[in-house]
Amino acid sequence: MRDRRTASAARCLLLAALAGCGGSAGDASGGAAGGGEAAEEPRAPDPPPGPVAPPAPAPFLQPVPASATVAIEMVGVPGKVLADGAVLPPFWIAKTELTWDAYDVYRLCEDLPYRLRDAAIDGETRPTRPYGAPDYGFGHEGWPAMSIAREAAEAYCAWLAEKTGRAYRLPTESEWERACTAAGDPLAAGIDAVAWTFDNANDQTHPVGKKAPNALGLHDMLGNVGEWCRTDDGIGHVLRGGSYFEMSGEVTPAFRAPQLPSWQARDPQIPKSVWWLSDGPFVGFRPLCAMAETAPAQKNDQPPGANPGAAPASDTPRPGDRQ
């Protein structure tokens, strides 16, 4: 009797086990048939693309007004996106420092009828005559204009803008730095390859464009003559890039020099000249042409100028003044 009860209990346990397996198989089969693979988690949408820096505009040749032979090569510099997302516009800047050829047309009033030239050299709208040879005998045609006061550099750019209808002016410091460094380290090839300095210039300036250009194709951004720039706050001017007056180690993209009284030490005038730096043969400049928001009618098949407007935002912190 006990054996029959034991056998009966064993059969019940076996049937229960089989029923449990069947249920599990059915559940698994039903789950697979009903739902397949588990659904993926919902994916967040991709963020919208950020601003893109505008490319460099095409280069162009700017004829100097009233000259049949002299022109300024203008090179495009790309825009830049700042950390806060603001986009700085591209612009053009002269391929080399402004030469005497291009400056003489303005300072000698060669754009005016001959009979009006003497009267036009009035010290207010055109430079006064310098006391000596403004090129110091270093060289003239193809050499950088030098000893140029900041007011004279601004006046030349304003004259060029008026004559051409384009927005010529001096670059801001940030714009100058972008032109100098945007396409890579300008000193990558070594200072002697790219700049005239105290160590290789034999104590004088040299013709423009004889040293290797930077990656944008700009020559003499460093050395030869320093270049006037507007400060980013719009209230002053400083000299950037260094010159043949500085030792090689000083001629870097960070070089920055405010005007010192010693640059006009021999000028006997009171007040000092606003056109010439009697003791500044290391001072020159390089014009910038700003882009236009709305392109005006083009002249001489050249790219349009721009609304001069306010100086654009600074894109780099300012280094300390160099004394």
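User: Happy to dig in! Is Glu175 buried or exposed?

Analyst: A quick note before the value: this is a predicted model, where local features need pLDDT of at least 70, side-chain atom pairs count only at pLDDT 80 or more, and totals for chains, interfaces and linings use all residues. Residues are numbered from 1 along each chain as its sequence is written, and side-chain values use heavy atoms, with hydrogens and water left out. Buried means under 20% relative accessible area, exposed over 50% and partly exposed in between, with a 1.4 Å probe and protein chains only. Glu175 has a relative accessible area of 4%, so Glu175 is buried.

User: Which residue meets Glu175 in a salt bridge?

Analyst: A salt bridge here is a side-chain nitrogen of Lys or Arg within 4 Å of a carboxyl oxygen of Asp or Glu. The N to O distance for this pair is 2.9 Å.

User: Nice. What relative accessible area does Asp111 have?

Analyst: Asp111 forms a salt bridge with Arg126, with the closest N and O atoms 2.9 Å apart. Arg126 sits in the loop between helix 3 (117–120) and helix 4 and Asp111 in the loop between helix 2 and helix 3, so the pair ties together parts 15 residues apart in sequence. Helices are DSSP runs (H or I, at least four residues) and strands are E runs of at least two, numbered from the N terminus. Asp111 is buried, and its relative accessible area is 16%.

User: Is Asp118 buried or exposed?

Analyst: Asp118 is in a salt bridge with Arg129, the closest N and O atoms being 3.3 Å apart. Arg129 has 56% relative accessibility and counts as exposed. With a relative accessible area of 59%, Asp118 is exposed.

User: At what angle do the axes of helix 2 and helix 4 cross?

Analyst: The axes are lines fitted to C-alpha atoms over the stretch in contact, with angles from 0 to 180 degrees between N-to-C directions. The axes come within 11 Å and cross at roughly 80 degrees.
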